[in-house]
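Here are some notes to read alongside the model.

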Amino acid sequence: MEILSILILVAIILFFVLFFYFIPLGLWISATAAGVKVGFFNLIGMRLRRVVPSSIVGPMIKSHKAGKGLSSDQLEAHYLAGGNVDRVVDALIAAQRAEIDLTFERAAAIDLAGRDVLEAVKMSVNPKVIQTPVVTAVAMDGIQVMATARVTVRANIERLVGGAGEETVLARVGEGIVTTVGSAESHKKVLENPDSISKTVLDKGLDSGTAFEILSIDIADVDVGKNIGAQLQTDQAEADKEIAQAKAEERRAMAVAEEQEMKARVQEMRAKVVEAEAEVPLAMAEALKKGNMGVMDYLNLKNVESDTKMRTSISEASENDNESQNGN
């Protein structure tokens, strides 16, 4: 008997746990008090579809009080698609207060696209200021100019889906600054009229295809950098000098090679002379043997050679004396 009573008690407890799990009574009371019709079977269906009821009922109450009257099916579909239901409803209410035409379908599409739809609505009401990094450009006179700009943008609700982000706007503004400074004849004109940069850049329609509308571009700071023209000329002169040195070294190497080649030829000719001189005694011996040359002819030849050597030595001695006298 006691066991039966315990089983009945456990069954009753399980029944109430399951009942309050599938039917959150607190949410149902809040919705009923706010005038939102949410039935028990609808709440049970949310649980079965793995939808958190509080994520649907709370935004439904807010939309009902704001006069939007969104249905639970719309909110559940967006929830199951992975969207943020609460943020979408807040964005719709903010857009209604700011008199911005924003439908639930567009807000849901913006949210599913990964953009913060509530932040976009706020940016439509209160424009955002984006500061560019330091943009470096070179004027026609070769002087480097460094500028930073503040871009005031407003979110364009119609182009939030598929429109480019802030990075594209900053890149286009930077490109416009580089083009404007590069077309200036002198960096002094840029320093005198920095507003000319913002006017030129703003007239190019840089917000085309982006999720923003550019309201103004203000040059925050302009500084003078390096003299790029002079630096390029210096680098060119240094490069020309290195090229000339390389060519001179090439010519010197060719001259040295040619000199060595000539020395080798001289040695070769000397070797030929020595070889020829070595053949003279053989030829004379052959001539004596055959009778083409007599003994007296041989002795006369020797006398001539001795006389030639004596004259050569006397000439060299006199040249050395002259050199020593000139040196003193």
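**Notes on the predicted model**

1. E99 is exposed, with a relative accessible area of 76% (exposed means over 50%, buried under 20% and partly exposed in between, with a 1.4 Å probe and protein chains only). E99 sits in the loop between α6 and α7, and has a positive phi of about 60° although it is not a glycine.

2. A word on the basis: this is a predicted model, in which local features need pLDDT of at least 70 and side-chain atom pairs count only at pLDDT 80 or more, while totals for chains, interfaces and linings use all residues. Residues are numbered from 1 along each chain as its sequence is written, and side-chain values use heavy atoms, leaving out hydrogens and water.

3. The mean pLDDT (the predictor's confidence in each residue, from 0 to 100) is 79 for the chain, and 85% of its residues reach 70 or more. Helices here are DSSP runs of H or I with at least four residues, strands runs of E with at least two, numbered from the N terminus. Where pLDDT is low, the predicted coordinates should not be read in detail.

4. In helix α11 (residues 195-202), the buried residues are I197, S198 and V201. They lie on the same side of α11, because they cover an arc of only 95° around the axis, taken from the directions from the helix axis to the C-beta atoms. Their cover includes α9 (166-182), α10 (187-192) and β4 (212-227).

5. Leaving aside neighbours within four places in sequence, V153 has contacts (heavy atoms within 4.5 Å) that include M123, I130, V169 and F212.
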